[in-house]
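Trainee: I have a protein model open and would like to learn how to read it. Could you take me through it one feature at a time?

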Amino acid sequence: MRYIDNEGNFAPSNIVIDGMMVINPTVEQYEHAGYMPYIEPMPTEEDLLKQAIENKVDEIKEYDKSSAVNSFKLNGMDAWLNREDRIGTSRAIQLDKENGQTESEIWLNGFCLNVNCDLALKMLGMVGHYAYKAYNRTQAHIHAVRELKSIEEVQKYDYKVGYPEKLNLRTM
């Protein structure tokens, strides 16, 4: 339990009583020194609503990071490339093309795929567009939740709707 003085300041862990330093004071010693138990104020409806909104925003962000959003099918296999990997892979394929190659090696989930350069670039663009649309949906959900006016509305809010349809890509 924490203790406060009559001005609302928290008591230190060491106090002076009758000119002597008391380390780790007892309840009686705190009270003798003029401190009283600190009672946590009850949260207001506004505080509870803010907390419910922040909890829901956290849920939305976790969902956004999950394979429910961040995945696509490639030749029947679940896969994902984050933004940095999409950019790096696109650049590597462009370099292959500039050097006269028609196919590029793409590593995905521990597998090496030999893919036509133009097809690979097209698919990476599709994945990037999907990711952009999914990001926009996530941001729209966060905005919508922050606009809600009751805890009940926040709890009922379904943030799993409205995401773009998952891609089903094939290299063959």
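Predicted model: local features only at pLDDT ≥ 70, side-chain atom pairs only at ≥ 80, totals over all residues.

**Reading the model step by step**

Trainee: What does Glu59 meet in a salt bridge?

Mentor: First the general idea: side chains of opposite charge can pair when their charged atoms come close. Here the side chain of Glu59 meets that of Lys56, at 3.8 Å from N to O. Lys56 and Glu59 are 3 residues apart in helix α2, so about one helical turn separates them. Lys56 has 8% relative accessibility and counts as buried, because buried means under 20%.

Trainee: How many salt bridges does the structure hold?

Mentor: There are 8 salt bridges. One of them joins Arg146 and Glu54, whose closest N and O atoms are 2.6 Å apart. Arg146 belongs to helix α4 (residues 117-146) and Glu54 to helix α2 (residues 45-65), so this pair ties together parts that are 92 residues apart in sequence. Arg146 is partly exposed, with a relative accessible area of 40%, and Glu54 is partly exposed at 34%.

Trainee: Which residue forms a salt bridge with Lys97?

Mentor: Asp118 does, with the closest N and O atoms 2.5 Å apart. Lys97 sits in helix α3 (residues 83-98) and Asp118 in helix α4, so the pair ties together parts that are 21 residues apart in sequence. Lys97 is partly exposed at 38%, and Asp118 is partly exposed at 46%.

Trainee: Now for the rings. How many aromatic pairs are there?

Mentor: The general idea is that a pair of aromatic rings is described by the distance of the centres and the angle of the planes. In this model the count comes to 7 aromatic pairs. Take Tyr3 and Tyr30: their ring centres are 4.5 Å apart and their planes are at 15°, so the pair is stacked. Tyr3 lies in strand β1 (residues 3-4) and Tyr30 in helix α1 (residues 27-32), so the pair ties together parts that are 27 residues apart in sequence.

Trainee: Are Tyr3 and Tyr30 buried or exposed?

Mentor: Both Tyr3 and Tyr30 are buried, and the relative accessible area of Tyr30 is 10%. Tyr30 also pairs with Tyr35, this time edge-to-face, at 5.9 Å centre to centre and 90° between the planes. Tyr35 counts as buried at 18% relative accessibility.

Trainee: Where does the charged end of Arg2 sit?

Mentor: It sits over the ring of Phe10, 3.8 Å from the ring centre.

Note on methods:
Residues numbered from 1 in each chain as written. Heavy atoms only, no water. Phe/Tyr/Trp six-rings, centres within 6.5 Å; stacked < 30°, edge-to-face > 60°. Helix = DSSP H or I, 4+ residues; strand = E, 2+ residues; numbered from the N terminus. Buried < 20%, exposed > 50% of the residue type's maximum accessible area, 1.4 Å probe, protein only. Lys NZ or Arg CZ within 6 Å of the ring centre and 35° of its normal. Salt bridge = Lys/Arg side-chain N within 4 Å of Asp/Glu carboxyl O.
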